[in-house]
Amino acid sequence: MAVSFLPYFLILSFLSAIDAHSGMVGVNYGRIANNLPSPEKVVNLLKSQGINRIKIFDTDKNVLTALANSKIKVIVALPNELLSSAASHQSFADNWIKTHIMPYFPATEIEAIAVGNEVFVDPTITPYLVNAMKNIHTSLVKYKLDKAIKISSPIALSALANSYPPSSGSFKPELIEPVVKPMLALLQQTSSYLMVNAYPFFAYAANADKISLDYALFKENAGNIDSGTGLKYNSLFDAQIDAVYAALSAVGFKGVKVMVTETGWPSVGDENEIGASESNAAAYNAGLVKRVLTGKGTPLRPTEPLNVYLFALFNENQKPGPTSERNYGLFYPNEGKVYNVPFTKKSTTPVNGNRGKVPVTHEGHTWCVSNGEVAKEKLQEALDYACGEGGADCRPIQPGATCYHPESLEAHASYAFNSYYQKNSRRVGTCFFGGAAHVVTQPPRYGKCEFPTGH
């Protein structure tokens, strides 16, 4: 059966090495599903898209092994159910680091440990958080890993008592003394950052009568003025992050930096999930990536670039809850894109110097040809897909037909890829095939074979 090399989600051409003055974009790799590609295939997908940072929700052996020597940096997690053990016994924390971190590091570039996830949502485990973080950090120091691996714990925006206007941002009073202040003190002491999960979608869905959709999706809008500071906000995302900064300042930890470890928008939702749609998800993620890559901070922290992890890499079919929970993915489990995001040529030019290896927008006559640098097996798989499931017209490259000569895999693949590309109206992303093809602006020359153009 031919491997399906569906066109990949264009926005991820941005997710490559960004210079130090820009923001950083990574992706959450959740796995609550029974139909996902193998970790090895996922790593190849990440690398083909230039994604060099991911976050996972555990320390799965197969995932961490697959990531070895990939140059992809990863945030791993100590699950909530282990917090009480990690908090109560230093020996447990030591053993967890020895078992779940040390066998993989440094070949797998683990850069941070998320101790729990949105712990404050569950008051039964909240009391364990700070001691668990301290014990994990003590273990990192013991094994001389503390300089390379940071610790933190992602908080949900529900940890705030107030978030509007942003300048009124404050933590829930009952959390401040028991956990917020000691946690922030530890982050400050270890030069770590506060991990925050921020979803403008939730705020919009709950207040669609009061919040402009354009404001939530990074589109042009009139903006909102913060009555406390006079600062103008043109996106709900910026307002949410500044509410966190205001809350940090209110408890005396203005210097702690923030990283957004989850943010995204669902492409499908239930009837009552207002705003969940493919077009809105595409607009949100495209707007966010463009916003982050400007390198600009928020109105309250204009010089601090934003660092964010999109949620999520795949749609996850076994996640509980409303329909939206299973539809945050940038990719379907077959590695096909969930939706298109239109970009200008300038904004889709890769920043890692790997021009021609990821989809870009082209004007005028263009053709699709094979990438001679990929392995023959990969080229053959892509050719099989194009001529089979992809529906390309491959009759001219059959024995005795007009484009059978030259009889080479590269020439035949080029003809098939171009047929598929032209058939799909040269849409962005339809000349990629997992890196096996790229667009050219000059007519291909293979013997006497003429490559068709679209109408």
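Phenylalanine 314 is buried, with 1% relative accessible area. It belongs to one of the 18 aromatic pairs in this structure, which is a predicted model. The structure also holds 11 salt bridges. The points below cover the ring pairs and then the charged side chains.

**The pair of Tyr29 and Phe314**

- Phenylalanine 314 pairs with tyrosine 29 in an edge-to-face arrangement, with 6.4 Å between the centres and 65° between the planes.
- The two residues are 285 residues apart and link distant parts of the chain.
- Tyrosine 29 sits in the loop between strand S1 (24-28) and helix H1 (39-48), while phenylalanine 314 sits in the loop between strand S13 (307-310) and helix H11 (345-348).
- Tyrosine 29 is buried as well, at 3% relative accessible area.

- The ring centres of phenylalanine 218 and tyrosine 284 are 5.3 Å apart; because their planes meet at 45°, the pair is tilted.
- This pair also links distant parts of the chain, 66 residues apart: phenylalanine 218 is in the loop between helix H8 (213-216) and strand S10 (224-225), and tyrosine 284 is in helix H10 (residues 278-293).
- Both phenylalanine 218 and tyrosine 284 are buried.
- Ring pairs join these two residues into a cluster with others, including Phe57, Tyr199, Trp265 and Tyr328.

**Arginine 31 and its partners**

- Arginine 31 lies over the face of tyrosine 29, 5.8 Å from the ring centre.
- Arginine 31 also forms a salt bridge with aspartate 60, in which the closest N and O atoms are 3.7 Å apart.
- Arginine 31 is partly exposed, with a relative accessible area of 25%, and aspartate 60 is partly exposed at 25%.
- A network of salt bridges links Arg31, Asp58 and Asp60.

**Other salt bridges**

- Lysine 181 and glutamate 177 form a salt bridge with 3.1 Å between the closest N and O atoms.
- These two residues are separated by about one helical turn, because they are 4 residues apart in helix H6 (residues 173-189).
- Lysine 181 is partly exposed at 29% relative accessibility, whereas glutamate 177 is exposed at 53%.
- Glutamate 325 forms a salt bridge with lysine 319, the closest N and O atoms lying 3.4 Å apart.

Note on methods. Residues numbered from 1 in each chain as written. Predicted model: local features only at pLDDT ≥ 70, side-chain atom pairs only at ≥ 80, totals over all residues. Heavy atoms only, no water. Phe/Tyr/Trp six-rings, centres within 6.5 Å; stacked < 30°, edge-to-face > 60°. Buried < 20%, exposed > 50% of the residue type's maximum accessible area, 1.4 Å probe, protein only. Lys NZ or Arg CZ within 6 Å of the ring centre and 35° of its normal. Salt bridge = Lys/Arg side-chain N within 4 Å of Asp/Glu carboxyl O.
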